[in-house]
Amino acid sequence: MYKSDFPLLTNHPELVYLDSAATTQKPNVVIEAIKHFYENENANVHRGIYKLSENATDLYEQSRNTIASFINSKPENIIFTSGVTEGMNMIAWGLGEEFIETNSDDMLLMTSMEHHSNLVPWQQRGIRSDVKLGYVKVTKDYRLNLKHLHEVVKAQNVKILALTHMSNTLGSISDLKQIISFMRKNSPQTLIVVDGAQAIAHLPVDVVDLDVDFYAFSGHKIFGPTGIGILYGKSYLLDRLYPIHTGGGMIRTVEKAESTWAPLPDKLEAGTPNIAGAIGLGKAIEYTKHIGIQKIFDYEQELIEYFITKANSTDRFNLFGPNNTKDRGAVFSFEVDGIHAHDLAQLLDEKNIAVRAGHHCTQILMKEVLQVPATVRASFSIYNDKHDIDMLFEGIDYAKTVFSS
Ligand code: PLP
């Protein structure tokens with residue numbers, strides 16, 4: 001489905017691309033929009049009073065509007081970042097003492113399945129502020145352990161809950177609505193920070209309905225360019241967030257002794273932004289909206305079912321992730337007994353099957369839950385089909401024959 005929209009895939013018809021969790025391929029409309037911008041519309045934004053610059057500003061702001069409506073936000077709550085990593089650092093270092101009190105019994109709570117981008121910034125802020133760090137456990141069937149979350153929340157003064165919407169290693173999707181409503185009742189002082197890097201391209205997200213405090217995602221995981229991402233935040237929080245990047249474009253006044261900040265969203269977008277990237281991301285979101293995120297979700301559920309049926313009937317195949325379609329996305333980590341993950345990935349590459357092997361930036365999860373140093377990960381998007389899954393399992397059979405000879 002939709003393969004013909006993606007030039008890289010039509011230029012490499014032999015390629016079975018199963019690494020969309022790392023980055024998605026880009027549709028023609030996104031590539032063309034970026035090319036068109038540089039060839040016809042390039043100027044800096046928010047600066048010039050000439051037409052070209054005003055037009056570039058309009059395009060940049062239209063893109064913000066498109067992205068805002070995709071997640072049911074207001075445009076001023078949408079901050080352009082370089083990706084989830086930057087968004088999480090902006091929050092972890094920008095929240096002041098009123099949110100995380102130095103040398104107190106405050107706890108910054110993460111989960112054991114967090115990507116390093118939503119873990120290391122909180123860990124480092126915790127160390128710097130001399131507060132406690134906590135990690136919600138993962139169950140044996142690879143889901144967030146809600147019982148453990150409840151225990152921690154009862155026992156600790158949790159100030160931050162930083163959690164992923166969908167795990168980039170396990171594929172598990174957490175029921176944010178249920179978790180957030182539990183937290184509001186039982187831990188009203190907690191800010192909920194969600195890493196939407198994986199979820200954004202696979203399921204509908206409504207930040208108002210979820211009542212989330214911050215939601216971050218990266219453009220390149222949803223058919224957009226690299227180097228551009230989004231941080232959504234509630235107004236009162238973005239207002240109070242200290243801007244960790246200061247300089248041009250984000251100020252109202254500058255005196256020798258002090259400066260004041262521009263209103264949102266400019267306060268949190270210092271310097272010349274990634275204008276072409278923002279426009280490209282806007283096009284990527286339009287493209288996704290045009291297909292329909294629910295349609296994407298439903299289609300991927302079919303792929304998940306097909307993958308799991310195949311996995312269950314394949315010898316020596318160990319899946320690290322939910323073994324059913326319920327609350328999971330099309331990201332599959334696995335090992336094949338007797339073949340190291342890197343060897344398997346290399347043998348699959350011989351058959352033009354692109355998968356990732358390693359710890360997937362989730363070292364805590366690998367050590368604590370999976371107890372393996374590396375897995376192979378195959379991840380799917382709208383341009384994949386059941387034939388790609390067949391090719392993967394044929395590739396695995398091939399690897400087994402290589403290792404048995
Ligand atoms: N969080 C998750 C769940 C991810 O999968 C990724 C990327 O792999 C990130 C965060 C980091 O995204 P970026 O490198 O675009 O900042």
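Guide: Domain 1 and domain 2 bury about 2,800 Å² between them, 57% of it on carbon and sulfur atoms. Buried area is the accessible area (1.4 Å probe) that two parts lose on being put together, summed over both. This is a predicted model: local features need pLDDT of at least 70, side-chain atom pairs count only at pLDDT 80 or more, and totals for chains, interfaces and linings use all residues. Residues are numbered from 1 along each chain as its sequence is written, and side-chain values use heavy atoms, with hydrogens and water left out.

Visitor: Which three residues supply 19% of the area that domain 1 buries against domain 2?
Guide: Ile293, Cys361 and Leu365, more than any other three residues.

Visitor: And where are the domains in the chain?
Guide: Domain 1 is 3-23 + 292-404, and domain 2 is 33-289. Those bounds come from an automatic or database domain assignment.

Visitor: How many residues are in contact?
Guide: 39 residues of domain 1 are in contact with 32 of domain 2, where contact means heavy atoms within 4.5 Å.

Visitor: Last one: what does helix 13 supply?
Guide: Seven residues, the largest share of the side of domain 1 that touches domain 2. Helices here are DSSP runs (H or I, at least four residues), numbered from the N terminus.

Note on methods:
Helices (H or I, at least four residues) and strands (E, at least two) are DSSP runs, numbered from the N terminus.
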